[in-house]
Amino acid sequence: MSGALIPVHSIEPLADAVPVGPAPTWEARLVDTLNRPLHDLRLSVTDRCNFRCVYCMPKEVFGKDFAFMPRDEMLSFEEMTRLARISVAHGVEKIRLTGGEPLLRKGLEELIAMLAELRTPAGRPVDIALTTNGSALAMKAQALKDAGLKRVTVSLDSLDDTTFRAMNDVNFPVARILAGLDAAHAVGLGPIKINMVVKRGQNDHDIVNMARHFKGTPYILRFIEFMDVGTSNGWNMNAVLPSSEVLGRIHAELPLEEVAPNYTGETSRRWRYVDGEGEIGLISSVTQSFCHTCSRARVSTDGKLFTCLFASEGHDLRALLRDGSTDEQLSDAMASIWRRRTDQASALRSAQTGAVRSSGAKKIEMSYIGG
Ligand code: SAM
Ligand code: SF4
Ligand code: SF4
């Protein structure tokens, strides 16, 4: 995972780069070549995970001998916070901590507390969220809340214990994830979202059961199409169950109606139960691209900035963090990268066949870049 697409030292600081500090005016707002603002930052805090989900870190690839990132290559919490602070000055209002499994990163609460201090140019706190497999949530929910975390998204692919154990591939039981959800709810980490990656033939039999179980609860269940991220998960189009089919199956038993998005750029299409008992989300990453509103930047654990989930290389910000560059230089580098951004991988490939989608250049693994 080394090497930057553009060597950061060769990036010319732009004269009109947004400065760190005062609120940027609307005219100075940082946008890419497709006029998409930088709004969300996903920080991957570790490339390690205690699960081996078949669609993300299959055991055959991420086995005992897999070389995870050495400690000194990982950004420190101070380095992450510095990047976050500069991103916030450029317009980021949401920061999501991810991984790997973020709760495996020791002392994560300290990072959350540092990020909770950040303020947008308008003086608002930043929305800090966490995506987790939930395995350690029962134990850590209170500490996360106390540190300033606002909300969590918990991945849960089935309520059927046998199916769930097979999908996480480490024999982890559903009951412990449900206990984590209860703990998160009890301490007020909400709204809590639940991500279910749907793989045809593996857990699709549990779609309606999941919907029924979480209907009328405080949890918002979201169904994610199995994506062709990385090169190790054996993706093929036959294993993708389109969101339209997920919707059809649920609607046939539990009638739904569409709801307007909460904000422009929301990845999930919202549907609510007509009887008023809550809503679900559909994330159609494969069958319906949302590139035209994609405002997310991702920073890997070793400090590479990725402007797309399907990028093959990132931009090395760690070099700048560690070579004495000033905040202004870092800020200019980030602005320059974002201004040149042209990514719309999903949109460009949506018309292609499964065979073409799954072939081609080296791609970054989900566990490295974060979901
Ligand atoms: N370990 C945490 C977790 O599982 O929630 C955070 C990292 S995980 C990479 C983030 C999200 O990406 C999870 O909701 C996971 O289900 C999703 N994900 C991983 N691989 C995927 C794939 N191939 N297609 C769709 N979603 C995927
Ligand atoms: Fe780990 Fe999350 Fe990937 Fe599953 S989806 S292997 S829990 S990083
Ligand atoms: Fe954003 Fe890239 Fe996904 Fe399109 S393919 S929505 S640009 S991350």
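**Entry 1: Met227**

I started with methionine 227, which counts as buried at 14% relative accessibility. My cut-offs are under 20% relative accessible area for buried, over 50% for exposed and partly exposed in between, with a 1.4 Å probe and protein chains only. Before going on, I noted that this is a predicted model, where local features need pLDDT of at least 70, side-chain atom pairs count only at pLDDT 80 or more, and totals for chains, interfaces and linings use all residues. Residues are numbered from 1 along each chain as its sequence is written, chains are lettered from A and ligands numbered from 1 in the order in which they are written, and side-chain values use heavy atoms, with hydrogens and water left out.

Methionine 227 sits in the loop between strand E6 (220–225) and helix H7 (243–253). Helices (H or I, at least four residues) and strands (E, at least two) are DSSP runs, numbered from the N terminus. I listed the contacts of methionine 227, leaving aside neighbours within four places in sequence: Asn233, Trp235, Ser285, Val286, Leu309, Phe310 and Met366. Contact here means heavy atoms within 4.5 Å.

**Entry 2: the annotated binding site**

I looked up the UniProt record, an unreviewed entry, and its "binding site" annotation covers Tyr55, Gly100, Ser155 and Met227. The positions are in the numbering used here, feature names are shortened, and annotations may be inferred rather than shown by experiment.

Next came serine 155, in strand E4 (residues 151–155). Serine 155 is partly exposed, at 23% relative accessible area. Beyond its neighbours within four places in sequence, serine 155 is in contact with Thr131, Thr132, Asn133, Ile177 and Asn195.

**Entry 3: ligand shells**

Around ligand 2 I found Cys49, Phe51, Cys53, Tyr55, Cys56, Met57, Gly100 and Asn133; a residue is taken as near if one of its heavy atoms lies within 4 Å. That shell divides into 6 nonpolar, 2 polar and no charged residues. For the classes, Ala, Val, Leu, Ile, Met, Phe, Trp, Tyr, Cys and Pro count as nonpolar, Asp, Glu, Lys and Arg as charged, and the others, Gly among them, as polar.

Ligand 3 has Phe290, Cys291, Cys294, Arg296, Arg298, Cys308, Leu309, Phe310, Arg341, Asp343, Ala345 and Ser346 around it. By class I get 7 nonpolar, 1 polar and 4 charged. Strand E10 (296–299) and helix H10 (345–349) each supply at least two residues of this shell.

**Entry 4: helix H3**

Which residues of H3 are buried? In this helix (residues 137–147) they are Leu137, Ala141, Leu144 and Ala147. Down the axis of H3 these buried residues fall within an arc of 140°, so they line one face of the helix; the arc is that of the directions from the helix axis to the C-beta atoms. An α-helix has 3.6 residues a turn, so residues three or four places apart point the same way.

The face turned away from the buried side carries Met139 and Asp146, both exposed. The cover over the buried residues of H3 includes helix H2 (108–116), strand E3 (127–132), E4 and helix H5 (174–187). After H3 comes glycine 148, with a positive phi near 120°.

**Entry 5: salt bridges**

I counted 22 salt bridges, taking a side-chain nitrogen of Lys or Arg within 4 Å of a carboxyl oxygen of Asp or Glu.

Aspartate 169 and lysine 59 meet in one of them, at 3.8 Å, N to O. Aspartate 169 lies in the loop between helix H4 (161–168) and H5, and lysine 59 in the loop between strand E1 (40–44) and helix H1 (77–89), so the pair ties together parts 110 residues apart in sequence.

Arginine 85 pairs with aspartate 327, the closest N and O atoms being 2.9 Å apart. This links helix H1 to helix H9 (residues 327–339), 242 residues apart. Arginine 85 is partly exposed at 34%, and so is aspartate 327 at 24%.

Glutamate 245 and arginine 249 form a bridge too, with N and O 3.5 Å apart. Both lie in helix H7, 4 residues apart, about one turn.

I also noted a salt-bridge network linking Asp32, Arg36, Arg341 and Asp343.

**Entry 6: Phe164**

Is phenylalanine 164 buried or exposed? It is buried, with a relative accessible area of 3%. Phenylalanine 164 lies in helix H4. Its C-alpha atom is 9.4 Å from that of cysteine 53, 111 residues away along the chain. Not counting residues up to four places away in sequence, phenylalanine 164 touches Phe51, Leu156, Asp157, Ser158, Phe172, Pro173, Val174 and Ile177.
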